[in-house]
Amino acid sequence: QRGGSAVRTAGGVENGASGGAAIGSNGFSLPGGAVAALLECARTWLQRGGGLASGLSTAGAPECKGDEWEDEYETRDELREAWIGLRARLMEVTKLCTALEPAAAAAAMAGSVTAVLGWVQPGGPLDPAKAAAMGPDGRSAVDDAIGSALEGCVSFVEPAMAAMPLSSATPAAAAPVAPALEGMLTRMLSVEFSSPVAVSQMSRLLESMGRTALVRPDAGTALLHRLFAILSGLPTDDVKSPPARAKAAMTAGRTSQAARQRVCAAILGVCAAAPEVFNAHLEAFANQVDSLRSGGRLSGAERGALAEALLAVAGPSGPARVRDVLRWLLESVQRRWVPAPGVVSPDLVHLASLRELAKGEGAGGTQGLSDAHWELFHDVQLAERCLRRSAGDHDPGQQDGAHGGGGGGTSGGTSAGTNGSDSPDKMSQGSGGAYGGGGGAENPAGG
């Protein structure tokens with residue numbers, strides 16, 4: 001069936017799955033094999049739509065039908081918009097079926113991962129060695145096909161993993177699905193990609209496995225090591241550029257910067273899935289982040305994401321440890337912009353003047369801001385992310401109002417990034433109120 005028909009068919013899949021759940025709640029059960037059939041149907045459609053959400057060409061990607069479906073829509077953007085809504089419904093079907101029969105979902109995921117990663121092996125239909133042939137837009141058709149295939153796989157694995165019965169409190173409950181999950185993880189960790197398109201999608205696939213750390217801590221450590229290895233291997237020629245908007249990165253053919261930001265988001269996701277597991281490795285984690293930062297391999301947005309992840313990992317150690325990490329992350333920001341309590345740096349006053357703001361990028365810079373203004377923006381954003389993640393420098397439940405402005409609330413997601421200039425060993429020494437007030441800042445560049 002083609003594009004318009006696909007919407008109606010997938011809608012029927014969702015109705016069938018939700019109806020089955022309702023029947024089950026009343027003491028009845030679906031016919032034998034029904035849940036497995038629904039899972040396979042959802043997997044098939046999600047794989048067929050691979051690449052559409054990311055704006056990739058699906059030509060050459062096995063099972064992906066985006067280029068064929070485009071004939072039934074006025075524009076590719078119209079097809080993409082329709083598919084994103086449809087995909088969300090199919091992912092809900094996948095979650096529901098996984099909750100009903102986790103073992104069937106694990107087997108379906110393992111089959112999907114094995115097939116898709118098999119396509120990128122030497123001699124396969126998506127062998128990365130074939131990526132030398134570039135299209136008229138400067139992108140390799142094989143790179144887009146690899147990204148499309150991986151996105152289709154991710155769209156199925158992500159919701160299934162989210163609904164898997166994985167808990168550190170009851171690890172025995174994961175025994176029926178453990179062999180399939182271990183096989184998937186082994187295959188994922190062994191794959192190497194170099195193009196930003198493939199790296200972006202592969203990092204999402206690795207992130208989706210973060211919850212395995214709840215029952216297999218060594219699996220979580222392996223995931224983080226792999227993601228950091230990927231991040232270290234990406235080009236950094238554009239590391240000083242402003243953060244890439246998601247749509248701009250998509251139309252630009254997936255830049256190295258967009259891939260690095262995606263990998264950092266994956267590191268945050270893995271840390272958020274099982275912070276207690278990674279807490280024991282906090283110092284080593286901080287050392288890796290500091291090595292990337294001091295080597296000039298992190299942009300401002302990437303640094304902020306990794307800083308948030310560090311705070312998430314520090315959380316299980318209690319508020320005192322979180323304060324230590326917070327001070328370490330923000331010490332250099334404080335020294336630069338608030339060198340003493342109540343004293344604002346003259347550089348900050350200068351940059352905030354109307355005359356300097358009016359110059360825009362006239363004195364160097366991009367997207368309407370000078371390089372100096374971008375540096376200030378990233379420091380403010382770092383402080384905002386850190387304070388949001390830590391809920392300010394106070395013990396949870398403390399209601400004395402002493403922590404004043406900035407921060408507050410709780411934060412979703414975890415990303416780690418450090419802006420500290422000292423070694424991680426000095427985290428426990430403290431350096432006074434490292435964050436000097438600061439409220440939040442919206443990210444004008446969407447990064």
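The model is predicted, so local features need pLDDT of at least 70 and side-chain atom pairs count only at pLDDT 80 or more, while totals for chains, interfaces and linings use all residues. Residues are numbered from 1 along each chain as its sequence is written, and side-chain values use heavy atoms, leaving out hydrogens and water.

**The whole chain**

- The protein chain has 18 helices and 2 strands; helices (H or I, at least four residues) and strands (E, at least two) are DSSP runs, numbered from the N terminus.
- Of its 447 residues, 48% count as buried (under 20% relative accessible area, with exposed meaning over 50% and partly exposed in between, using a 1.4 Å probe and protein chains only).
- The chain exposes about 18,800 Å², and carbon and sulfur atoms supply 54% of that area (Shrake-Rupley method with a 1.4 Å probe; for residues, only the protein chains shown count as cover).
- Among contacts (heavy atoms within 4.5 Å) between residues at least 6 apart in sequence, 77% join residues at least 24 apart.

**Helix α13 and helix α14**

- Helix α13 and helix α14 (residues 300-314) pack at an angle of about 175°, with their axes 10 Å apart; axes are lines fitted to C-alpha atoms, for helices over the stretch in contact, and angles run from 0 to 180 degrees between N-to-C directions.
- That angle makes α13 roughly antiparallel to α14 (over 145 degrees; under 35 is roughly parallel, 65 to 115 roughly perpendicular and the rest oblique).
- On the α13 side, L282, F285, A286 and V289 make the contact, and on the α14 side L306, A309, L310, V313 and A314 do.
- These residues divide into 9 nonpolar, no polar and no charged (Ala, Val, Leu, Ile, Met, Phe, Trp, Tyr, Cys and Pro count as nonpolar, Asp, Glu, Lys and Arg as charged, and the others, Gly among them, as polar).

**Helix α13 and helix α15**

- The axes of α13 (residues 282-294) and α15 (residues 319-337) come within 13 Å and cross at roughly 10°.
- The two helices are therefore roughly parallel.
- Here L282, E283, A286 and D290 of α13 meet R321, V325 and W328 of α15.
- This contact divides into 4 nonpolar, no polar and 3 charged residues.

**M164 in its loop**

- You can find M164 in the loop between α6 (141-162) and α7 (178-189).
- M164 is buried, because its relative accessible area is 2%.
- Leaving aside neighbours within four places in sequence, M164 touches T98, P102, A105, A106, M109, V177 and R211.
- M164 and A174 are 10 residues apart along the chain, and 8.1 Å separates their C-alpha atoms.
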